[in-house]
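Biologist: I'd like to talk through the charged side chains in this protein. Could you bring up the model?

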Amino acid sequence: MHASDSEPIDSNITSGENKSFWIASTDPIVFEKLQQDIDTDVLIVGGGIAGLTTAYCLLKAGRKIILVEDGYIGSGETGRTTAHLTNALDDRYFELENIFGQEKARLAANSHTAAIQWIANTIQHENIDCNFKRVPGYLFLSGSDKKETLEKEHAATKNAGLLTKMLEQVPGLASEENKWCIEFPDQGQFHIMKYLKGLTDAIIRMGGEIYTETKAADITKEGAKANGYEIKANHIIVATNTPVNDRVTMHTKQWPYRTYVIAAKIPKGKLPYSLWWDTGTQDSKWICAPYHYVRLEEYDNNFDLLISGGEDHKVGQADGENIREEDRYIKLIEWTKKRFPAMGDVAYKWSGQVMEPIDSMAFIGKNPGNENIYIITGDSGNGMTHGTLGGIILTDLITGNKNPWEDLYSPSRITIKTTGDYLHEAGNMVAQLADWFTAGDVKEAQDLKPGQGGIISSGLKKMAVYRDEQNNLHACTAVCPHLGGILQWNAEEKSFDCPLHGSRFTTAGKVINGPASTDLKRIEIKQDAVMSN
Ligand SMILES: Cc1cc2nc3c(=O)[nH]c(=O)nc-3n(C[C@H](O)[C@H](O)[C@H](O)COP(=O)(O)OP(=O)(O)OC[C@H]3O[C@@H](n4cnc5c(N)ncnc54)[C@H](O)[C@@H]3O)c2cc1C
Ligand code: FES
């Protein structure tokens with residue numbers, strides 16, 4: 001369904017009002033809707049990098065697949081990525097050593113290196129024109145961090161078998177404050193939507209079936225329902241970024257964060273094609289300290305785009321630091337200008353969502369308690385390689401091949417240690433339930449200007465209200481249908497976001513990010529008067 005006039009988000013295209021450069025610079029990748037019952041060997045739910053890579057790998061292994069996607073291909077977080085392809089894991093190797101030991105940290109490094117190589121090989125084999133480049137990556141100190149962090153990380157990357165080097169200056173960076181860095185050789189970058197187009201072409205050529213605008217519901221070990229039809233399958237893969245088949249288990253093992261991106265024009269040749277990351281804000285209130293991530297992308301004959309990201313916060317909790325969504329872009333522009341002064345006008349801005357796992361390792365494998373339902377989630381900021389690993393590992397699991405990384409990423413693993421303070425993170429979730437008893441952020445609907453939304457409270461009743469550009473009011477319950485979190489208005493992406501596990505909804509109440517799988521209940525509201533229904 002296309003967005004109505006009152007809906008700022010066209011959720012078939014992408015999961016926010018702001019469009020990423022990747023989405024804006026390519027045609028939508030659209031297939032037919034499912035219009036019949038169907039039997040298959042493997043059902044894949046989700047048309048992002050994880051679902052499509054899995055489809056590709058299974059077809060290569062001779063299996064029959066169908067893939068269903070709620071919107072169009074890439075309409076989830078994949079279309080909102082920045083597409084660094086890296087083995088410089090954002091949770092740090094010294095953390096992985098601490099949690100899992102040196103041998104497993106080495107396995108993790110090896111898996112991401114292999115994923116980058118797998119992408120490079122596939123691009124070559126399928127002749128995909130997606131601006132793929134091998135580039136170096138530089139991890140440099142943030143202003144709030146100490147050189148020991150880099151020294152520790154350098155030693156841990158060496159232990160993990162990576163060919164990293166400490167440098168005394170950061171290539172391409174102007175700021176004096178961040179002199180030291182670790183160089184990671186042989187990283188990669190590409191245009192993600194062009195890459196997805198290449199994968200879908202190959203999937204169709206190999207006999208795979210893809211259906212878009214086809215939402216899977218009632219996922220069981222027998223299959224799922226979609227658009228009113230029955231899909232029967234021997235294996236079901238839930239590649240929906242955050243699992244939509246499970247209400248609780250996995251959602252206590254990962255936390256949703258919102259992250260911001262700007263893309264500014266920069267004259268070609270001013271900077272070398274590279275990836276840059278800082279070590280993150282050490283005094284952040286969030287367990288997953290936000291960090292900045294920067295790269296270039298080809299734009300036109302005269303300019304590249306400098307794509308810079310960061311300023312993360314837990315979903316629905318931007319106000320927790322008193323920094324509104326719109327102000328995060330301003331901070332990001334200031335940070336980027338200081339370090340890359342040649343940057344010009346900002347041409348694009350967007351934000352997206354990442355799932356941070358409790359122990360820094362993604363979850364890829366059988367869904368706990370199921371024999372034939374599989375998940376790929378907990379990507380952190382490394383979802384390009386995690387999504388790719390998802391396809392490789394799940395194909396081995398389904399075809400009965402032993403995979404070297406299967407145990408490392410198993411969703412059923414029990415880890416004694418966690419990243420940061422688990423109790424603090426769990427406590428943060430519980431604290432969000434206090435929103436049931438506080439006033440909404442808007443007193444009454446009259447206070448909303450066209451294009452604005454907010455939460456209006458009437459006793460224990462909470463409404464998510466939006467005034468569209470034509471001045472009409474729209475109201476839904478503000479209670480998340482997943483587990484009852486109170487939604488928050490996201491002024492930048494024009495959505496209602498749940499601070500508990502990251503579900504998001506359009507202004508008309510349509511679900512755009514799980515784990516919620518149903519839309520918000522609509523509430524009849526008198527125009528310019530709040531009416532109790
Ligand atoms: C701003 C930003 C920057 C990032 N930068 C990087 C980076 O530089 N490098 C990196 O490695 N990673 C990065 N990441 C992370 C990475 O982009 C994601 O982890 C990855 O794209 C997730 O892919 P996915 O296929 O698992 O999920 P998605 O791309 O979200 O795909 C899931 C799909 O499932 C569909 N879906 C959901 N429910 C249903 C249903 N019931 N039925 C049918 N379909 C359904 C959705 O519509 C969606 O298209 C970044 C993320 C963001 C937001
Ligand atoms: S996402 Fe779990 S309660 Fe909203």
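What follows is a short chat about charged residues and their partners.

Modeller: First, a bit of housekeeping: this is a predicted model, where local features need pLDDT of at least 70, side-chain atom pairs count only at pLDDT 80 or more, and totals for chains, interfaces and linings use all residues. Residues are numbered from 1 along each chain as its sequence is written, chains are lettered from A and ligands numbered from 1 in the order in which they are written, and side-chain values use heavy atoms, leaving out hydrogens and water.

Biologist: How many salt bridges are there?

Modeller: A salt bridge here is a side-chain nitrogen of Lys or Arg within 4 Å of a carboxyl oxygen of Asp or Glu. Going by that rule, the count is 22.

Biologist: Which residue meets E153 in a salt bridge?

Modeller: E153 sits in helix α5 (residues 147-159), and its partner is in the loop between β3 (84-85) and α3 (93-100), 61 residues apart; helices (H or I, at least four residues) and strands (E, at least two) are DSSP runs, numbered from the N terminus. Both partners are buried, meaning under 20% relative accessible area, while exposed is over 50% and partly exposed lies in between (1.4 Å probe, protein chains only). The N to O distance is 3.8 Å, and the partner is R92.

Biologist: Is R205 buried or exposed?

Modeller: R205 forms a salt bridge with E126, with the closest N and O atoms 2.8 Å apart. E126 has a relative accessible area of 14%, so E126 is buried. R205 has 54%, so R205 is exposed.

Biologist: How many residues apart in sequence are the parts that E298 and K133 tie together?

Modeller: These two form a salt bridge, the closest N and O atoms being 2.3 Å apart. E298 is in strand β13 (residues 293-298) and K133 is in strand β4, so the number of residues apart in sequence is 165.

Biologist: E356 is buried yet has no salt bridge, so which side chain of opposite charge is nearest?

Modeller: For charge, Lys and Arg count as positive and Asp and Glu as negative, with His and the chain ends not counted. E356 is in strand β15 (residues 346-357). The nearest side chain of opposite charge is 11 Å away, and that is R92.

Biologist: With which side chain does the side chain of E356 make a polar contact?

Modeller: A polar contact is a pair of N or O atoms within 3.5 Å; within protein, one must be able to donate a hydrogen and the other to accept it, and residues adjacent in sequence count only if both atoms are side-chain atoms. For E356 the distance is 2.7 Å, and the partner is S380.
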